[in-house]
Amino acid sequence: MLFDATDLPRPPSRLAEGVVHLPSFLSPDTQAQLVEQARSIARGVAGTPVAMRRPQVGQHQMKAYLMSLGWFWATNPYRLTQNVDGAQVPPIPENYQAIADAVIAEARKLDPVLTPMTVETALVNFYPPGAGMGDHVDAQEEAENPVVSLSIGEETTFRIEGHKVVLMSGDALVFGGPARRAKHGVSAPRPGTGPEHTGVAEGRINITMRQVYPS
């Protein structure tokens, strides 16, 4: 790629009430470690009912691959469960909470409406070339605490309630408060925009962390 995320002046920004973008929040080493950690978990559950998969949504199969941690995001009907055909959902890695705490603390400097959150479930999404995700609402969790989202790999455009922002490798994004149930989605990754240090040859990985039940 021509420019790395750290080469560009991209200050943190509040896109809307409850929506904060933190560019280059994850160091290159942390990005690579998160990718390898996710791959290790995926290898451990490969071939089981909780393996990384392309979920069936209605009559269509998603283009993105999803792996559930903590709680399994099931479709048709939408629900959260911790056991799938006798297979236990992989637990939340210990480092996820520390990352979420750091992201929320930084985001609250721009928008105090954002509250702390306990990472009880997470999705590791892999978007191969050409795969995006249409506008949707994260509605299965009962808790209203913010969602923490991490981007690694190629760039994408994130949409939320009429606002758009380019997410580059290492960026963090938080949405909570009045935006917790806002419709949002992402475009397909932009080919050739991912830095080499992540270990993601093409496409992008997105890790979203959520709290399931109110404190």
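This is a predicted model: local features need pLDDT of at least 70, side-chain atom pairs count only at pLDDT 80 or more; totals for chains, interfaces and linings use all residues.

Mentor: Gladly! Residues are numbered from 1 along each chain as its sequence is written, and side-chain values use heavy atoms, leaving out hydrogens and water.

Trainee: Why is Ser-169 called buried?

Mentor: Buried means under 20% relative accessible area, exposed over 50%, and partly exposed in between (1.4 Å probe, protein chains only). Ser-169 has 8%, so the label is buried.

Trainee: What makes the approach of Ser-169 to Gln-31 a polar contact?

Mentor: A polar contact is a pair of N or O atoms within 3.5 Å; within protein, one must be able to donate a hydrogen and the other to accept it, and residues adjacent in sequence count only if both atoms are side-chain atoms. The side chains of Ser-169 and Gln-31 meet at 2.5 Å. The Ser-169 side chain also reaches the backbone nitrogen of Gly-153, at 2.9 Å.

Trainee: Why does Ser-151 count as buried?

Mentor: Its relative accessibility is 2%, so Ser-151 passes as buried. Ser-151 belongs to strand β12 (residues 147–153). Contact means heavy atoms within 4.5 Å, and beyond four places in sequence Ser-151 touches residues including Ser-169, Asp-171 and Arg-204.

Trainee: What makes β1 and β5 edge strands?

Mentor: Two strands pair if DSSP finds at least two bridges between them. Seven strands form an open, antiparallel sheet in the order β1-β2-β15-β12-β17-β10-β5. β1 (13–16) and β5 (65–69) each pair on one side only, which is what an edge strand does. As an example of pairing, β2 (residues 19–22) and β15 (residues 172–175) share four bridges.

Trainee: How do you know that the buried residues of α1 line one face of the helix?

Mentor: Gln-31, Leu-34, Val-35, Ala-38, Ile-41, Ala-42 and Val-45 are buried in α1. The arc is that of the directions from the helix axis to the C-beta atoms. Seen down the axis, the buried residues stay within 130°, so they line one face. They pack against β5, α2, β10, β12 and β17, whereas the face turned away carries the exposed residues Asp-29, Gln-33, Arg-43 and Gly-44.

Terms used. Helices (H or I, at least four residues) and strands (E, at least two) are DSSP runs, numbered from the N terminus.
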